[in-house]
Amino acid sequence: MNIRKYVKSIKDLGANTIAFALGIVIQQLLVMPILARYASEDVFAEIIFFHSVFNVLCVVLGEELGNVKMIRNDVYETKRLQGDYALILMASLAFVVVCSNVCYFLFDISYFNLLVCILTLLLGIVRYYCMTSYRLKQQFNVILIINIFYCVGEIVGLVVAIAFHFYFLVFLIGEIVALTCWMVIRQRNGEKFCKNIFSKTSEMGKTLKAYGGIGGVAIISNGVTYLDRLLVYPLAGASAMNMYYGASSMSKMLSLIVNPFSTFMLAKLVAVRENREEKIIKKCVQIMLPMLLLFIFGSITVTYFGVKIFYPQYFKTAVELLIPIGFATALGLETSLLKPIVMRFYEANKLLFIQMFYALVLIVCMYFFSYRWGMHGFAWATCIGRAIQLFAYFLLLRIRKRGNKNDRDE
């Protein structure tokens, strides 16, 4: 029976990882390199900027709401409550629409382009959230199917975008195809929307509090992850933005692939009893250093060959940033693996404090380092910030482990 459980867990992890990795690989190794060759430098810089904002908002507003649903699912099932989450999702989508329209008056952008970007954002947020129900049911194969159709949609969108010279269509068509697949699967499985799905329950206040804490952590961590790209564009221009993206995109691709493993861990940890907490934390502390060394080697290798093959036009400049970007990515990967453990066994305010401290250190380092050493300063600032963030996670785990031991001794 235990062997069957292990085999099922491996299959679930494989399906979940392949599902997200497939989309990332298609984007980073096919879509973005081709767009870089066809689009002008200014347009490609705008695509990078939009895609960075897209990733942050989809994770914060969509995926993290789904994570809250997984964490609080037992409470809702015990009390037989239905609702809250759809209302919160609708409020988030309305927030995106309002803020996007404000941007129209602040920036020089055509309203048609803005509408395409808004629609892509809304569909992306919904897609990220909709995957939650399949994680709760441990149906990771369905997530894989939906993401395969997303990749097909992006490939079709790439052809259409190049033909009409409107490159943002790539992402919109991908979202439309993915959500169409999701609706077909729901219909074939006989899944229906609950009558009370848009209702408010007695748990909404606690759910909003949890979402505020976890969402706050996510917006800081993801915002800071893409902060370098968002700052390089207005400070150094489109050419520097594209070069930095070429240097960091291959390495950050590894970080994005680790995200599904992180959500898979959270889905599994939700079912773990509290009395197994110390054993899990102890194992994590033991494997931290070996995993970090593996991540460093992997990220540097992937960055070098990735830029050389897919962004040769930026290779000579980008290779100078190889070491700091590789180290920063490795530290970020390690932190991503610890995040679901902290979310499961620790209060959200502790995680939020670490993220706020990390963001403050990173912004200060970016300002002074970039002033002194330019793009190299940007890269090393990210590396230092990630190191401090991981060290704070490590301290949190060690303090909790020691506290548990002291409690038993008493």
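Predicted model: local features only at pLDDT ≥ 70, side-chain atom pairs only at ≥ 80, totals over all residues.
**Aromatic rings**

Let's start with the rings. Eight aromatic pairs are counted in this model. Two of them are set out here.

| Ring pair | Distance between centres | Angle between planes | Class |
|---|---|---|---|
| Phe 166 and Phe 168 | 6.3 Å | 55° | tilted |
| Phe 369 and Trp 373 | 5.5 Å | 80° | edge-to-face |

Phe 166 has a relative accessible area of 16%, so this residue is buried. Phe 168 counts as buried too, at 11% relative accessibility. Both residues belong to one aromatic cluster, together with Phe 50, Phe 54, Phe 112 and Phe 171.

The second pair lies in helix α15 (residues 348–373), where Phe 369 and Trp 373 are separated by about one helical turn because they are four residues apart. Phe 369 is partly exposed, with a relative accessible area of 22%.

**Helices α5 and α8**

Now for the helix packing. Helix α5 (residues 111–130) packs against helix α8 (residues 169–188) at an angle of about 35°, and their axes are 9 Å apart. The crossing of α5 past α8 is left-handed. On the α5 side, the contact residues include Val 116, Leu 119, Leu 123 and Arg 127, while Phe 171, Leu 172, Glu 175 and Trp 182 are among those of α8. By class, this contact has eleven nonpolar, two polar and two charged residues.

Phe 171 is one of the members of the aromatic cluster, and the charged end of Arg 127 sits over the ring of Tyr 150, 4.1 Å from the ring's centre.

Conventions. Residues numbered from 1 in each chain as written. Heavy atoms only, no water. Phe/Tyr/Trp six-rings, centres within 6.5 Å; stacked < 30°, edge-to-face > 60°. Buried < 20%, exposed > 50% of the residue type's maximum accessible area, 1.4 Å probe, protein only. Helix = DSSP H or I, 4+ residues; strand = E, 2+ residues; numbered from the N terminus. Lys NZ or Arg CZ within 6 Å of the ring centre and 35° of its normal. Axes fitted to C-alpha atoms, helices over the stretch in contact; angles between N-to-C directions. Left-handed = near helix turned anticlockwise from the far one by under 90°. Contact = heavy atoms within 4.5 Å. Nonpolar A, V, L, I, M, F, W, Y, C, P; charged D, E, K, R; others polar.
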